[in-house]
Amino acid sequence: SAWRLDGGVLELKVTIPANTSATVCLPAPLEARLIEGDGPASEASGVRLLERSPREAMFAVGSGSYRFRVETHAQ
């Protein structure tokens, strides 16, 4: 995994090994846009929202590489 914070955007890159799954927990206020790849995380293949609270979002992901972005201000 690798992450960076640039202004109001957090980017997290993760690679999940073959034949495994993982839970990805992102610090994300409710008003944040949650992106995976080039689109909404809720529509991404292999990504399923597990829980959303006022401060974080938890996703179940299968094996593969993912690039999540949490955008907390207008882009």
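I count two residues as in contact when heavy atoms lie within 4.5 Å. I am working from a predicted model.

**Entry 1: Arg4**

I started with Arg4. I found Arg4 in strand S1, which covers residues 2-6. Which residues does Arg4 contact, once neighbours within four places in sequence are left aside? I get Val9, Leu10 and Glu11. I then looked up a distance from Arg4 to Thr20. The two residues are 16 apart along the chain. Their C-alpha atoms are separated by 25 Å.

**Entry 2: Arg69**

Next I went to Arg69. I placed Arg69 in strand S6, residues 56-71. Is Arg69 buried or exposed? I read a relative accessibility of 18% for Arg69. The cut-off for buried is under 20%, so Arg69 counts as buried.

I checked what the side chain of Arg69 touches. I found the backbone oxygen of Gly37 at 3.2 Å from that side chain. I also noted a polar contact between the side chains of Arg69 and Glu71, at 3.3 Å.

**Entry 3: Strands and helices**

I turned to the whole chain. How many helices and strands does the protein chain have? I count 0 helices and 6 strands. From the N terminus on, I read the order as β-β-β-β-β-β.

**Entry 4: Dimensions and packing**

I compared the radius of gyration with the globule rule. For 75 residues, a compact globule would be near 11 Å. The protein chain has 12 Å, so I note agreement. Along the principal axes, I have the C-alpha trace spanning about 35 × 20 × 20 Å.

What share of the residues is buried? I have 37% of the 75 residues counting as buried. I also looked at how far apart in sequence the contacting residues are. I took contacts between residues at least 6 apart in sequence. Of these, 64% join residues at least 24 apart.

**Entry 5: Surface and charge**

I looked up the accessible surface of the protein chain. I have about 4,800 Å². Carbon and sulfur atoms account for 50% of that surface.

Last, I checked the charges. I have 8 positive and 9 negative charges in the protein chain. How far apart are their mean positions? I get 2 Å.

Note on methods:
Residues numbered from 1 in each chain as written. Predicted model: local features only at pLDDT ≥ 70, side-chain atom pairs only at ≥ 80, totals over all residues. Heavy atoms only, no water. Helix = DSSP H or I, 4+ residues; strand = E, 2+ residues; numbered from the N terminus. Rg over C-alpha atoms; globule rule 2.2 N^0.38 Å. Buried < 20%, exposed > 50% of the residue type's maximum accessible area, 1.4 Å probe, protein only. Areas by Shrake-Rupley, 256 points an atom, 1.4 Å probe, with all protein chains shown as cover. Lys, Arg positive; Asp, Glu negative; His and termini not counted. Charge placed at Lys NZ, Arg CZ, Asp CG, Glu CD. Polar contact = N/O pair within 3.5 Å; in protein donor to acceptor, adjacent residues only side chain to side chain.
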